[in-house]
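Here are my notes on the model you sent over. Have a look at the sequence and structure first, then read on.

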Amino acid sequence: MRKQSIIVAIIILSIGVGLYMFDPVRYTLMPKCMFKVMTGWSCPGCGLQRGIHALLHGHLFEALSYNYFFVLSIPYALALCLERFFLPTQVALRWRSVLEHRCAIWTYVVVYFIWWVLRNLLGI
(Lines give C-alpha, C1' and ligand atoms only; values in the text may rest on other atoms or scores of the structure.)
Protein backbone atom coordinates (compact mmCIF):
# COMPACT_ATOMS: atom_id res chain seq x y z
CA MET A 1 0.00 0.00 0.00
CA ARG A 2 2.84 2.41 0.83
CA LYS A 3 4.57 1.89 -2.53
CA GLN A 4 1.26 2.36 -4.33
CA SER A 5 0.65 5.63 -2.47
CA ILE A 6 4.06 6.95 -3.45
CA ILE A 7 3.47 6.10 -7.11
CA VAL A 8 0.06 7.84 -7.07
CA ALA A 9 1.59 10.90 -5.38
CA ILE A 10 4.37 11.09 -7.99
CA ILE A 11 1.86 10.86 -10.84
CA ILE A 12 -0.38 13.56 -9.34
CA LEU A 13 2.61 15.80 -8.65
CA SER A 14 3.90 15.35 -12.22
CA ILE A 15 0.53 16.23 -13.70
CA GLY A 16 0.30 19.23 -11.37
CA VAL A 17 3.74 20.51 -12.38
CA GLY A 18 2.87 20.07 -16.07
CA LEU A 19 -0.43 21.91 -15.69
CA TYR A 20 1.26 24.65 -13.68
CA MET A 21 3.90 25.22 -16.34
CA PHE A 22 1.78 24.86 -19.48
CA ASP A 23 -1.45 26.78 -19.92
CA PRO A 24 -3.93 24.45 -21.69
CA VAL A 25 -5.50 27.47 -23.40
CA ARG A 26 -2.22 28.43 -25.09
CA TYR A 27 -0.75 25.02 -25.91
CA THR A 28 -2.52 23.08 -28.65
CA LEU A 29 -0.77 19.83 -27.70
CA MET A 30 -2.83 19.52 -24.51
CA PRO A 31 -5.43 16.74 -24.82
CA LYS A 32 -8.89 17.82 -25.95
CA CYS A 33 -12.19 16.38 -24.71
CA MET A 34 -13.20 13.74 -27.26
CA PHE A 35 -16.83 13.90 -26.14
CA LYS A 36 -16.95 17.64 -26.91
CA VAL A 37 -15.06 17.22 -30.19
CA MET A 38 -17.53 14.54 -31.36
CA THR A 39 -20.81 15.97 -30.02
CA GLY A 40 -20.22 19.68 -29.41
CA TRP A 41 -21.53 19.22 -25.85
CA SER A 42 -19.47 19.69 -22.71
CA CYS A 43 -18.85 16.64 -20.56
CA PRO A 44 -18.75 17.00 -16.76
CA GLY A 45 -14.97 17.20 -16.89
CA CYS A 46 -14.65 19.80 -19.64
CA GLY A 47 -12.55 22.68 -18.41
CA LEU A 48 -10.73 20.51 -15.88
CA GLN A 49 -7.23 21.16 -17.25
CA ARG A 50 -7.84 24.90 -17.50
CA GLY A 51 -9.43 24.91 -14.05
CA ILE A 52 -6.48 23.11 -12.45
CA HIS A 53 -4.08 25.50 -14.18
CA ALA A 54 -6.04 28.50 -12.88
CA LEU A 55 -6.20 27.08 -9.32
CA LEU A 56 -2.48 26.35 -9.29
CA HIS A 57 -1.92 30.01 -10.11
CA GLY A 58 -4.32 31.13 -7.37
CA HIS A 59 -7.19 32.18 -9.65
CA LEU A 60 -10.22 30.63 -7.92
CA PHE A 61 -12.92 32.52 -9.81
CA GLU A 62 -11.30 31.75 -13.16
CA ALA A 63 -11.19 28.06 -12.18
CA LEU A 64 -14.88 28.25 -11.23
CA SER A 65 -15.70 29.69 -14.64
CA TYR A 66 -14.07 26.69 -16.34
CA ASN A 67 -15.74 23.99 -14.24
CA TYR A 68 -17.87 24.66 -11.14
CA PHE A 69 -18.24 21.00 -10.28
CA PHE A 70 -14.50 20.37 -10.19
CA VAL A 71 -13.79 23.24 -7.82
CA LEU A 72 -16.68 22.28 -5.55
CA SER A 73 -15.47 18.64 -5.55
CA ILE A 74 -12.01 19.50 -4.23
CA PRO A 75 -12.92 19.40 -0.50
CA TYR A 76 -14.48 15.94 -0.92
CA ALA A 77 -11.47 14.68 -2.89
CA LEU A 78 -9.05 16.07 -0.31
CA ALA A 79 -11.03 14.46 2.52
CA LEU A 80 -10.87 11.11 0.69
CA CYS A 81 -7.10 11.44 0.20
CA LEU A 82 -6.60 12.45 3.82
CA GLU A 83 -8.66 9.49 5.03
CA ARG A 84 -6.94 7.05 2.68
CA PHE A 85 -3.30 8.05 3.05
CA PHE A 86 -2.68 10.13 6.17
CA LEU A 87 -5.04 9.37 9.04
CA PRO A 88 -4.40 6.70 11.67
CA THR A 89 -6.39 3.53 11.07
CA GLN A 90 -9.10 4.04 13.70
CA VAL A 91 -9.78 7.63 12.67
CA ALA A 92 -9.67 6.68 8.99
CA LEU A 93 -12.28 3.97 9.56
CA ARG A 94 -14.67 6.52 11.08
CA TRP A 95 -14.11 8.97 8.22
CA ARG A 96 -14.46 6.17 5.67
CA SER A 97 -17.84 5.22 7.11
CA VAL A 98 -19.08 8.73 6.23
CA LEU A 99 -17.10 9.63 3.08
CA GLU A 100 -17.53 6.27 1.39
CA HIS A 101 -21.04 5.59 2.59
CA ARG A 102 -23.46 4.52 -0.12
CA CYS A 103 -25.52 7.72 0.33
CA ALA A 104 -22.44 9.95 -0.06
CA ILE A 105 -21.31 8.14 -3.21
CA TRP A 106 -24.79 8.15 -4.79
CA THR A 107 -25.24 11.83 -3.94
CA TYR A 108 -21.95 12.62 -5.67
CA VAL A 109 -22.87 10.57 -8.75
CA VAL A 110 -26.35 12.13 -9.03
CA VAL A 111 -24.96 15.67 -8.66
CA TYR A 112 -22.29 14.81 -11.27
CA PHE A 113 -24.95 13.87 -13.83
CA ILE A 114 -27.13 16.86 -12.92
CA TRP A 115 -24.07 19.06 -13.54
CA TRP A 116 -23.55 17.38 -16.93
CA VAL A 117 -27.10 18.17 -18.02
CA LEU A 118 -27.24 21.68 -16.54
CA ARG A 119 -23.95 22.84 -18.00
CA ASN A 120 -25.20 21.96 -21.49
CA LEU A 121 -28.73 23.35 -21.02
CA LEU A 122 -27.47 26.60 -19.48
CA GLY A 123 -24.31 26.86 -21.59
CA ILE A 124 -22.01 26.96 -18.54
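1. **Overall picture.** Keep in mind that this is a predicted model. The protein chain has seven helices and zero strands, so if you read along from the N terminus, the order is simply α-α-α-α-α-α-α. Taken along the principal axes, the C-alpha atoms fill a box of roughly 45 × 35 × 25 Å.

2. **Burial and contacts.** Of the 124 residues in the protein chain, 21% are buried. Among contacts with a separation of 6 or more, 44% are between residues 24 or more positions apart.

3. **H5 against H7.** Start with helix H5 (residues 68-85) and helix H7 (residues 102-121): their axes are 11 Å apart, and the packing angle is about 165 degrees. Since angles over 145 degrees count as roughly antiparallel, that is how H5 sits relative to H7. The crossing of these two is left-handed. On the H5 side, the contact uses Tyr68, Phe69, Ser73 and Tyr76. Facing them from H7 are Ala104, Ile105, Tyr108, Val111, Tyr112 and Trp115. By residue class, the contact of H5 with H7 has nine nonpolar, one polar and no charged residues.

4. **H5 against H6.** H5 also packs on helix H6 (residues 89-99), where the axes come within 9 Å and cross at roughly 145 degrees. This crossing is left-handed too. The tally for the contact of H5 with H6 is seven nonpolar, no polar and three charged.

5. **H1 against H3.** Which way do H1 and H3 lie relative to each other? Helix H1 (residues 2-21) and H3 pack at an angle of about 80 degrees, with 8 Å between their axes, and they are therefore roughly perpendicular. Gly16, Leu19 and Tyr20 from H1 meet Gln49, Ile52, His53 and Leu56 from H3. That contact splits into four nonpolar, three polar and no charged residues.

6. **His53.** This histidine is in helix H3 (residues 48-56). Is His53 buried or exposed? With a relative accessible area of 11%, His53 is buried, because the cut-off for that is under 20%. Leaving aside residues up to four places away in sequence, His53 touches Leu19, Tyr20, Phe22, Asp23 and Pro24. Two of these, Leu19 and Tyr20, belong to the H1 side of the contact with H3.

7. **The nonpolar core.** The largest nonpolar core has five residues: Ala54, Ala63, Leu64, Phe70 and Val71. Ala63 is worth a click: not counting residues up to four places away in sequence, Ala63 touches Gly51, Ala54, Leu55 and Val71.

8. **Ser14.** Ser14 is found in helix H1. At 45% relative accessibility, Ser14 counts as partly exposed, because that class lies between 20% and 50%. Ser14 is 32 residues from Cys46 in sequence, and the C-alpha atoms of the two are 20 Å apart in space.

Definitions and conventions: Residues are numbered from 1 along each chain as its sequence is written. This is a predicted model: local features need pLDDT of at least 70, side-chain atom pairs count only at pLDDT 80 or more; totals for chains, interfaces and linings use all residues. Side-chain values use heavy atoms; hydrogens and water are left out. Axes are lines fitted to C-alpha atoms, for helices over the stretch in contact, and angles run from 0 to 180 degrees between N-to-C directions. Helices (H or I, at least four residues) and strands (E, at least two) are DSSP runs, numbered from the N terminus. Angles under 35 degrees count as roughly parallel, over 145 as roughly antiparallel, 65 to 115 as roughly perpendicular and the rest as oblique. A crossing is left-handed if the near helix is turned anticlockwise from the far one by less than a right angle, and right-handed if clockwise. Contact means heavy atoms within 4.5 Å. Ala, Val, Leu, Ile, Met, Phe, Trp, Tyr, Cys and Pro count as nonpolar, Asp, Glu, Lys and Arg as charged, and the others, Gly among them, as polar. A nonpolar core is a set of buried Ala, Val, Leu, Ile, Met, Phe, Trp, Tyr and Cys residues joined through side-chain atoms within 4.5 Å. Buried means under 20% relative accessible area, exposed over 50%, partly exposed in between (1.4 Å probe, protein chains only).
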